[in-house]
Amino acid sequence: MKFFVDTADVAEIRELSESGLVDGVTTNPSLIAKAGRDFVEVVAEICAIVDGPVSAEVTATEADGMVQEGRKLAAIADNVTVKVPLTMEGLKACRSLVQSGIQVNVTLCFSANQALLAAKAGATFVSPFIGRIDDTGLDGMELIEEIRQIYDNYEFDTEVLAASIRTVNHVKLAALAGADIATVPPATIRQLVKHPLTDKGLEAFLADWHKTGQTIL
Ligand code: E4P
């Protein structure tokens with residue numbers, strides 16, 4: 001499973017990418033607003049840090065406008081992936097951008113049928129929003145399972161990018177359900193490595209080691 005970082009915070013991306021665990025980045029207009037910086041400048045900086053796909057979202061609502069914005073965003077760097085919403089206009093823009101060789105992430109996916117359409121439009125990635133479905137009282141992970149099954153049934157190449165991840169359990173369940181990628185907020189990525197028994201075990205090993213009076217180097 002690939003990990004994308006779900007943030008537009010360049011400092012966080014730089015720090016996490018040093019772990020070697022970061023395969024890409026996703027941003028959205030809300031994350032750009034939170035970063036409080038120029039959109040194009042931020043995307044360019046992120047693309048210089050991370051080799052993998054960096055999603056940058058269009059804000060036009062008509063296909064033509066999305067395509068124009070998408071081309072501008074794609075020109076920032078070779079690893080920009082243009083993000084379009086899962087609307088009919090977004091699907092038209094997706095088809096057009098993909099045909100011109102630009103990678104597209106179709107976002108705001110909340111149903112298996114929407115994901116089916118994204119794959120038929122040639123999307124490079126589809127982003128089902130797990131956490132936002134959970135917020136409505138339903139189980140977001142069921143959507144990942146359904147999309148995985150449908151894409152496998154028809155051998156679609158579109159990658160399933162589990163998004164709106166809120167917890168470490170979301171990451172585990174998305175991996176079990178066969179998501180190709182999880183885009184994870186920085187704080188949740190850091191939590192993935194933690195386990196109280198690891199900390200306790202390490203403390204005990206080191207205490208016993210010090211009793212030996214030895215050093216390795
Ligand atoms: C990623 O592509 C999405 O924009 C993001 O995961 C949305 O997460 P949220 O529902 O926590 O805002």
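**Exercise 1.** How do the axes of α1 and α3 cross, and within what distance do they come?

*Solution.* Before we start: this is a predicted model, where local features need pLDDT of at least 70, side-chain atom pairs count only at pLDDT 80 or more, and totals for chains, interfaces and linings use all residues. Residues are numbered from 1 along each chain as its sequence is written, and side-chain values use heavy atoms, leaving out hydrogens and water.

Step 1: the two axes come within 10 Å and cross at roughly 5°. Axes are lines fitted to C-alpha atoms, for helices over the stretch in contact, with angles from 0 to 180 degrees between N-to-C directions.

Step 2: angles under 35 degrees count as roughly parallel, so α1 and α3 are roughly parallel to each other.

Step 3: Val 10, Ile 13, Arg 14 and Ser 17 of α1 meet Val 42, Glu 45, Ile 46 and Ile 49 of α3; contact means heavy atoms within 4.5 Å.

**Exercise 2.** Find which residues of helix α3 are buried, and where they lie around the helix.

*Solution.* Step 1: buried means under 20% relative accessible area. In α3 (residues 39-49), Val 42, Val 43, Ile 46 and Cys 47 are buried.

Step 2: seen down the axis of α3, these buried residues fall within an arc of 135°, so they line one face of the helix. The arc is taken from the directions from the helix axis to the C-beta atoms.

Step 3: their cover includes α1 (10-17), β2 (24-26), α2 (29-35), β3 (54-57) and β4 (80-85). Here helices (H or I, at least four residues) and strands (E, at least two) are DSSP runs, numbered from the N terminus.

How values were computed
Buried means under 20% relative accessible area, exposed over 50%, partly exposed in between (1.4 Å probe, protein chains only). Angles under 35 degrees count as roughly parallel, over 145 as roughly antiparallel, 65 to 115 as roughly perpendicular and the rest as oblique.
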